[in-house]
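Good morning, everyone. Please take a moment with the sequence and the structure before I go through a few of the details.

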Amino acid sequence: MTEAFDAETMGGVPDGFERLWTPHRLAYVEGERPDDGPTGCPLCRKAEEGDRESLVVHRGEHCYVVLNLYPYNPGHLMVCPYRHIAWYTDCTESERDEMSALTQDAMRVLRHVSGPQGFNIGMNQGSVGGAGISGHLHQHVVPRWEGDTNFLPIIAQTKAVPQLLDDTWRRVSDAWREDH
Ligand SMILES: [Zn+2]
């Protein structure tokens with residue numbers, strides 16, 4: 001079952017790194033035209049919608065932090081500049097510095113909320129780099145627990161459950177307000 005799933009969704013590349021970093025494409029495959037510019041961009045839209053609706057947990061001056069709609073693990077966050085820029089090299093100094101600071105904050109908040117033992121942090125750059133929304137820069141912050149890799153296929157296979165996401169959103173955004 002797991003093998004069949006991997007072959008189908010990962011293009012037959014059963015690589016741990018691929019498996020970790022590419023399932024987020026699933027979230028935006030249908031009905032999204034993320035590379036058409038800001039108009040069709042889900043990350044631009046999230047920046048404008050209400051926090052609960054869009055699962056935004058924190059808004060900074062240049063960047064915001066949002067729950068991934070199809071998380072690898074509970075609490076999977078993305079730190080994004082408000083501006084529709086594709087490349088890390090497009091960041092102004094202020095955007096770069098705030099992305100960095102918010103990544104640290106995200107780690108602290110997640111530790112407080114759910115005590116992960118580790119994290120994966122990173123940016124996929126360009127479609128060939130595995131970016132699901134290649135037009136809008138975003139840094140993944142994925143909390144990790146011992147043994148959770150066993151659950152990744154199951155999690156990726158499961159459609160997002162609104163109540164669980166809503167609960168995670170509440171816990172993370174509450175903790176963010178308390179800690180900062
Ligand atoms: Zn955008």
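Predicted model: local features only at pLDDT ≥ 70, side-chain atom pairs only at ≥ 80, totals over all residues.

Is Cys41 buried or exposed? With a relative accessibility of 1%, Cys41 counts as buried, where buried means under 20% relative accessible area, exposed over 50% and partly exposed in between, using a 1.4 Å probe and protein chains only.

Residues are numbered from 1 along each chain as its sequence is written, and side-chain values use heavy atoms, with hydrogens and water left out.

Now to the metal: the zinc ion is coordinated by Cys41 (SG), Cys44 (SG), His84 (ND1) and His136 (ND1), at 2.0 to 2.3 Å, donors being N, O and S atoms within 2.8 Å of the metal (3.2 Å for Na, K and Ca), with water not among the atoms, so that sites may look incomplete. Cys41 lies in the loop between α3 (26–29) and α4 (42–48), and His84 in the loop between β3 (77–81) and α6 (93–114), so the pair ties together parts that are 43 residues apart in sequence; here helices (H or I, at least four residues) and strands (E, at least two) are DSSP runs, numbered from the N terminus. His84, for its part, is partly exposed, at 25% relative accessible area.

Along the chain, the donors of the zinc ion follow the spacing C-x2-C-x39-H-x51-H.

Finally, the sheet: three bridges join β3 to β5 (residues 139–144), and these strands run antiparallel, with Val141 in β5 as the bridge partner of Leu77.

Methods:
Pairing = 2+ DSSP bridges.
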